[in-house]
Amino acid sequence: MPTPNRPPIQITPEKPQPLQRHHTARYYAHRVRESLATRVSKTICIVFLSVLLVLGIVAFILWLSLRPHRPRFHVHEFSVPGLDQPTGFENAQIAFKVTARNSNQHIGINYYSMEGMVYYRDQEVGSTHLKDPFYQEPKTTTVWTRL
């Protein structure tokens, strides 16, 4: 702030210096080309990641709507009649009752072939064919009895 005893100080601005180039025109042309390539690669990455994000969201929504569950199998009754055969475990008949539960709300299950086998100490005791190919509807329980 100027005081009455002192005159105000004025600074005269210096003339701006001309911009000096330290690099050649080739250097600047290379930088422009490099930035164009960088922009193109960034755009490609953004498009790829956006598509990947959209596909992930669609897959997540499908998984939430379908909520696939594995079928649950339970053995309720089991017996191996005729173990006192002279041939031992070979060709022993097995009898059992099995249930399979499909707990999916919108997904059915195709069973192509089902075999039931019993092993004791890595030796097959008996086996039997359970069921021919069939389709199990959603939210159903199927019972197989083999005597």
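## Burial and composition

Of the 147 residues in the chain, 16% count as buried, meaning under 20% relative accessible area with a 1.4 Å probe and protein chains only. The model is predicted: local features need pLDDT of at least 70 and side-chain atom pairs count only at pLDDT 80 or more, while totals for chains, interfaces and linings use all residues. Residues are numbered from 1 along each chain as its sequence is written, and side-chain values use heavy atoms, with hydrogens and water left out.

The chain contains 1 helix and 7 strands, arranged from the N terminus as α-β-β-β-β-β-β-β. These elements are DSSP runs (helices H or I, at least four residues; strands E, at least two).

## Sheet

An open, antiparallel sheet is formed by 3 strands in the order S1-S2-S7; strands pair if DSSP finds at least two bridges between them. Strand S1 (72-79) and strand S7 (140-146) each have a single partner strand, so one side of each lacks a neighbour in the sheet.

S1 and S2 are joined by 7 bridges, and Val 75 lies opposite Val 98 in S2.

Beyond its neighbours within four places in sequence, Trp 144 is in contact with residues including Phe 73, Phe 96, Val 98 and Phe 134, contact meaning heavy atoms within 4.5 Å.

Terms used. Buried < 20%, exposed > 50% of the residue type's maximum accessible area, 1.4 Å probe, protein only.
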